Structure formats: structure tokens, C-alpha cells
Amino acid sequence: MTGKRWGSPGLFGMLLVAGVVLARGAVEAQDLGAVAGEVTDATGAVLPGVTVEVTSPALIEGTRTAITDGSGRYSVVSLRPGVYAVTFTLSGFSVVRREGVQLSAGFTAPVNAQLRIGSLAETITVTGASPTVDVRNVRTQSVLDVDTTLNVLPSAQNVSAFATLTLGATLMGNAGTGGVDVGGSGGEMGTASIHNNREGDMKIAQDGMSSNNSMGTNGGILHMGQHYNMEAVSEVAMSSNGMMAETETAGLQINYVPKDGGNRFSASGRATYANDRFSADNITPELRAKGATNPPEVKRIWDWGGGMGGPIRRDVLWFFTAHRWWGAESYVPGSFWNGAQGQKSATGVPLYVADLNRRGFNADPSQENSVRLTWQVTSKDKIGFFGNRGDQCLCGRAISAILAPESGLRASAPSNHFFQGTWTRTQSSRLLFEAGQSRLRNPFEFQRAPGVSETDIQIVELSPLFIYNAWAADAIPYNVGDKSATDQLNGRASVSYVTGSHSFKAGAQWMHGWIESNGSNNAIPGFGPANVTTLGGVPIAITLVSHPQYNRSDFRNIGFYAQDQWSIQRLTVNLGIRFDVFDGWSPDQESPANSYVPAIRVSRVDGTPRWRDVSPRLGAAYDLAGDGRTAIKVTAGRYVQGMGTGLPLANNPANAISKSTTRTWNDANRNFFPEGDPRNPAANGELGPSANAAFGTPRITSFFDADMLTDNRPYTWQMSASVDRELADNMRLSIGYFRTMHFNQTVLDNESVIAADYDAFCVVAPSGIPGAGGQRVCGFADLSAAGRARVPRNTTKIDKNFGDRTEVYNGVDVDVNLRYGNGGLLRGGFSLGRTVNDSCFVVDSPQDLYQCRVVVPLAGNSQVKLSGSYPAPYGIELSAVYQNLPGPAIQATATFSSAQIAPSLGRNLSACPAATGACNATVNLNMLVPNAAFEGRIQQVDVRLAKLLNGPFGRVRVTFDLYNAFNASPILGRNNTFGTVGAGWGRPTAVMAGRLIKLGAQYSWN
């Protein structure tokens, strides 16, 4: 084991300490709840041998039992969320019963008892508020209960809403542009980062088993294979720091806890709806002056479904079935369908004419139907089964004021299936076995927008920037009727040995995932798949894409772990160690022939990558006063970066062959047909030299350094220190410091060139850029013609080959959680942080040093989040959610022509056909310091007014929601492309949707 795998000196010694502790004791089950505490007599002396019974309707077996150990301590783990009663019995002492203990996923409730001498027939019932401070576990988490939180607050009940309700989390992905989502208008494909953890490391699971598809990092936005039916969910647990060895990655961990049914029949239902008539216009004169042409507006939002469950046989077999149909369609500001689709100008360039009667919108429809069975096979063995079918579509994603609807991504995932089987065996009060297996079937289909034909190619107009006519992407081509597979199998198994003072758990997790990708981008008839860049309606460049494509890649991911939780008086030490095994490969396959490359047969490739990692997890919790009301916690943990088929696919020879190149194009005869031979990399006909000399050949040009593939998996260190204090019954205050550090970051090195192959140049920033206009800006470089002519060898390497790339986040969160009265709730606080990303070293070009230190200040990281509800008289509920977030950073990417650069460079850009003479090649350069300025802060207030109706028929909550109640219109996204004259620069590409009314009703009966 090399030092660089650990990331800092001294960690090997820390691991040895962890190993010693693991050898002598044992961590409580982290996926569900637990009850733990100490039993004493009236003098304060500890009482061993006390029988502790934990009962709840949430348990199909009814009761779980433990015995206090020699120190008078007990622990009962792996308890499903619900309300519990704890009974303490010892011969010669009165029975003590504690009721109303609320358990949520991942929470260990401290329940102590004092027994007095008396008769066993005498029972002392203790009532009081449920504990709120976990004095044993060290992880930071937020648990969102569906019935008492998500159904009460104005919430769309998706990942975007969960991020809104989680302090420190930043909403990202294809939903929630700018970090907000108005009433669910952003759809289901949101992702979240917290404390600068990687978005791709966000993991979503059900019952502790992953439901992400196999693409990319096997995390982040890649959860289209399972959009969750909230009618089938009881709780959502969001964990972010201090996770023990069961957890692979450092990103936000989201675990859905499903409903089981019960010994009583129950039913629930929901129906909510909104359309464009329920939405307000919030575009101000100032926004219109900036180019926002029409208000952001919900087209329609719908969500209806229901669930029911109960006993098939009491205490033996339960069922729960749920069904949901939901989705959102939202108009995009400034986006209009092309009224001239398929028409061309006199010179053959495809036309775009905005059809003002057909506004662009994205759509995100989903449906899910599921059934779950829970079977108490014996008094010790319990089996669960879950199966579903889901259908989803991301229709028109990524469209904006600068990307027309016909150029939006339309990804359909029909007939998804997610199956799970679980087994739990309570061998004794101290020994627990658990296992589970999941299977995700997740086919993908990428569709053409209505009216787009196979010969409509994407057009990128630079001044002002506008993209229209068709979708185009190297890796996501159209594959209508021939779906791509992104499936996976995963499972887990563990054994827990629990005493009062120790809780040891060891286990394994495994996954096999694969991707089969196929399809082709649209093509110019007689030429091949391509997209074109124009300037002022005149073609200046063409991008060639090597399609059709087929490739298959697989991975296997196995994690072994052991973790211990050891309580010594008031101190609880949490120690764990994890060993991760990741193997990627690509089987034998054939890349099909196309306009630029003949068919290529490739052989199996293994070890792409082959990673073996050891990660320690360390933490301690101290019960300050010994009363379970104040806990001081510290944690430090190493986590590997998530990976799915992303790296195996990138190393697949069928995919590593050069897939695209860009060439200048002088359409001299104005017929919009590139005259020339695309297989000849040299300038010929109307085509300039290929930017990628290997394009059109079977040569692999994308490589990965062997050291990176075998010994240097990217990883993250998380550290935290916090204080949790129960200020009053049901009121908890948390103050935490968080530090996140990323190591083994990767860089791309073209081994065919060195820094000397680049020539430096300066530019004069366009006069219209505030703070930079008219100033001479240096630090840029252009590859020489000789360097460009060489076949590139682009190799991904670890940063340490060139320098130390550091990325460090430091932040503080202050969080309050209060429950009061009959359903009252208050939660939230503020989060402050600063991120520094330093990569000041040269890989290939001296331009790598330009703006190499990027700082995200407090202004770019700070946030305030509050949510709460108030139960008013007469069955009225008032609730609200408030968030205050940073606006988008202001940048200015200017376009410079070769003629503008040549006086400083001493020649034309190397993309030109010759060193001198006329040339239409351009480069885009950023002119402003990153994160030096931001648009105004984003403030959003969502309000709900609800009326509760109770009767023999059940309980109905009628809801009237106002999302963005004050009709605010902060800018969420802006066009940072300045171009040549600033046309369209600063134009809002996304504005928070206006005030939205949503009507709904919830039903429950049990």
C-alpha cells in the first residue's frame, strides 16, 4: 500500500488503532433505527441481566428483545421507522415501560431506565417527549417523514424537494435550475451536492440497495431507472457526513424506506394539479430589458395515485401495493419551436423562425406501480419482496433561450423494472443476519423531436449564440426502436453482534452493471453525421461524428466492511474500515462501419480500471452531561469516488477510437454541402485541417495512464466537528463544522505535444465587458501547426504527475429542529462555506496557468433554509418553506477571430489552412475572474393552507399551495457567452417560475 493512496501521513497508524478496536469489540446497523441505553437502580448502580422488550406495530414480529450486559447497557438495532414502547423487566424490581419513542432511519434513541425494588406485577409507565439527540452515532443526516413532514409542507416530494429541505445541500442536475424548483416544475431528475461533495457521488437506494442505473458514476443524475412512488415510502433518510464503513462514497446518500403494510388495513391517496392558468407572470421591465422575452410558466403539473396495505395473515404475511402517475411540463423562457423546420435559405443553411404560438417546454412524465410483501417465515426469519414497473421520459430537457426545442434531449425509459428481495434472521438478542438482492432493468431510447428528420443536423450560430434544428451529442445519439441497456444487479449481506456496550457489524455489498449503447446522430446526405457552426448565418466550421455506434462495457463493484461502536461511560467510539474492489471490462464486440471509419472488431479488455482501496472511518460521540441531551461529535473518513460504466466505457476500444473532430469550413459555393474528403485530415476542398488527425482512422486516441487505472482511484476525505443540544423537549440545535478534500483528481494530457509547442498571445477584451473592456489580457496560448498535425495521444492521468491539485471546502452549518403541539414543526438554519480549487501547474499548454486558482467565496456558498407548520384551530394547517441562495456567477466568454489574435501571436491560429491570409477560425476565452460577481440572490417562499377533515371514512387533508408566493423573479441562469460584440450577453436563460397555485388533496385511512 503506497502512501499516496492514503492522502496524508499518519493515517496508517490511525488504521492500526481502528484494527485493534475492531478486534476486541464491535457499529450499530446504520440503515434502520435503534434503541440503546443504560439501566440502573435507585442508587445509580448499573443492573445487568435486565430484559428489554421493544414493541411496535411497525414490526411484523411484534417484539424484539435484548438483555443488559455487565455494564447495565443494552442495544436493539435494525428497527423499522415507527413509534415504539420499551419495557424493562428484572426479577425483584418493578416493571418500567417507556412509551412514545419515535424512531427514524439511522437514529439511535437513547432510552435509559431506573428500576426500583418492587413487585413484577407493578408497572411504571413513563411518558414524555421522544429523544431528539443521538449520543452514539456520528453521521450527519436529515430524515424526512412522509406523513408528518413531506405531506404537511408544500413539497413536490422528489429529490429537488428533499434538497430544498436539507441545509447545506445545493440542487443541481436536469431539474431545479439555479438551485430551486417551483412546485415540482423541474421534474424528477434533480441531483444534489452538499458541502462540496461530488454531485456524481450522490447515491440513491431503497432498503440500503442501490437503485441507480449503471451509467457514468453509478450515481448523481443517473437515477432515471427508478423514480420513486411516494405512496409506497414511509421515510427518506438523507446522510452527508460521518457515514460509517457501510457507505462507499462521500456524496449525499438518499435511502428510501418503503412501507410494509401492517396488521391493520390501511389506505392512502393523493391528487394534485396545476396548469398555466394557475401561474402568474413575474417578468419585470428590468428582465425584459435584459432579453427575457416571455415569463417562465408551468404548463401543467399533475400527481395522483394511491396505496393500500394490510395483513394477508396477521403477524405472518403483510402486503402493500402503490400506484402513482405524475409529471411536470414547463414552458422555458425565450424558447419557441422552429416555424421553419425543414426549410432552408437560398444558400442551403437551415432556417430558424420562432413560432410564437408554440412555446418550448420540457416534460417529465412518470408512472410507477409496485407491490411489496413481508413474510415472517419463522419466529426468527423475515423475508421481504418488492417488484415494480415504471415508465419515464425526459422530453425536451436542456432547452433554453439559446437552445431551441427541436434541439432538446428526449430520453425515454419505458418498461423499467426494479426487483428486491431481503432476508433478516434474528438469531438471538445479540446476533442478527441480514441479506438482500436487487435487479434493475433500465432500457433507454433517445428520440427525435416532432418534425425533425434524419437529415436535419444541429446548427450552432455564434453571434448571438443560438442552437437549433436538431439534437447532437457524441455519446447520446438517436436510437429510436433500438434501446440501450443500462442495467445492474446489486446486493448486500451482513452479520451484527450486539451487546449493550458494543455493536459490531461486518458485511459485504456487490454490484454488476453494464451498458449497451447504440445509435447515430443525424447526417448530411451524401456526407455523414455532422453538426455545423455558423457566424452570421455563414458556415465557418463543421463537426464530424463517427456514427453509427455500438459498444458494451461492464463493471463489478464489491465492498467488504467491518465497523464497531464501542461505548465507554459517556464516550462512544465509532470505528470502521472498508475494502473496495472495482473491476471494469469490455467484452469482444464490433464497432460498425460508417461514413468515416470501416467496421472494427475489438477484443476483450480487462482492468479498466482495476482498483483496490482501503478506507478508514473514524468518529467519536460524547454525551456531555450523561443525560442524552448534549452530544459532542467528531468524525474523519475516507471515501472512494463513485464509478459505474463511465471509465470502462471510456477505455472500451470501440468507444476510445476518435469519435469526432472539428474542421473549419469555407462554403465557397454556398450550397451547404462540405466539398472535400472528410477522411483526409489535411486541408482539402472547402475543409480546413482536422483538429484531430486520428479522426477517420481506427487508431485509439483516448488513453488512461496505467497508474491511474490500478492504484489511484479518486477519493475524498471528510472531516467534521459538531455539537447537538436538546434545548427543550422535541427541540434540537446542531452546530457543525465541515471540511471536504478531494484527492487523486485527474487531468488530460496530450502526450504528443509539450508546452514548447504552444505560442503565447494576448488579446484586448471587448469594450462592452464591465471591469475588463479595453484591457489587455494575457496568459493564452495556441498550439503550433506542427503540434496540431501530430496524432494526439490524449491520456487521462493523476494530477500528481504534474503538480498538486487541491480542492478544499470549509464550512459551518447551524440547524434547528423543533416539533411542538399537535403536528407543529420548525426546521432549518444557515450554512456558510468557502471552496478553493488550485490547479496551478502546466499539463500541456501554458494557458493552464490562466485563472488556475478558483475561489468560491461565502457569497457563492452561503444559504438560509427554513420550513415549518402551525396547526391552527378548526383543523386548519399553515405551513411554509423559505430558502435564500446565491445567484449564478457572472462570466464573459468572448470570441476572438484569427485576425484579432495574429498581431500578438505573430501568425494565424493553427486551425487556419495557412499561417497567413484570410481565415475564419475563432477561439473563445473567458475575460472575467471566476466567481468575482454574482447575479442577485435567489429567495423563494412557498406557502400552504390546508384543511383537515376527520371522520369514520378516514382523514382528508385539502391543500391550497402557493409556490413562489411573492412572485419573485430572480435570475437562475444567464448567457455568459459574450461573443464578438456582446449580443445576448447577460440575457437570462432561466428565471424562477412565477407564483404557482397548486390544488390538492391527501387521503389516509387505517
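Which cysteine does a disulfide join to Cys840? The partner is Cys852, with an S to S distance of 1.9 Å. The model is predicted.

## The disulfide set

A disulfide is a covalent bond between the sulfur atoms of two cysteines. The count here comes to four disulfides. Counting bonded cysteines along the chain, the pattern is 1-2, 3-4, 5-6, 7-8.

## Cys840 and Cys852

The link of Cys840 and Cys852 is right-handed, with 90° about the S-S bond. Cys840 and Cys852 both lie in the loop between strand E49 (824-838) and strand E50 (853-856), so the pair ties together parts that are twelve residues apart in sequence.

Is Cys852 buried or exposed? Cys852 is buried, at a relative accessible area of 11%. Cys840 has 37%, so Cys840 counts as partly exposed.

## Cys762 and Cys778

Cys762 and Cys778 also form a disulfide. Their sulfur atoms sit 2.0 Å apart. This pair links distant parts of the chain, 16 residues apart. Cys762 belongs to strand E45 (residues 758-764), and Cys778 to strand E46 (residues 776-783).

The torsion about the S-S bond of Cys762 and Cys778 is about 110°, which means that the disulfide is right-handed. Cys762 has 13% relative accessibility, so Cys762 is buried. Cys778 is partly exposed, because its relative accessible area is 38%.

## Cys912 and Cys919

Another disulfide joins Cys912 to Cys919, S to S 2.0 Å. What is the handedness of the disulfide of Cys912 and Cys919? The torsion about the S-S bond is about -90°, so this disulfide is left-handed. Cys912 is buried, with a relative accessible area of 5%.

Methods
Residues are numbered from 1 along each chain as its sequence is written. This is a predicted model: local features need pLDDT of at least 70, side-chain atom pairs count only at pLDDT 80 or more; totals for chains, interfaces and linings use all residues. Side-chain values use heavy atoms; hydrogens and water are left out. A disulfide is a pair of cysteine sulfur atoms within 2.5 Å. Helices (H or I, at least four residues) and strands (E, at least two) are DSSP runs, numbered from the N terminus. Buried means under 20% relative accessible area, exposed over 50%, partly exposed in between (1.4 Å probe, protein chains only).
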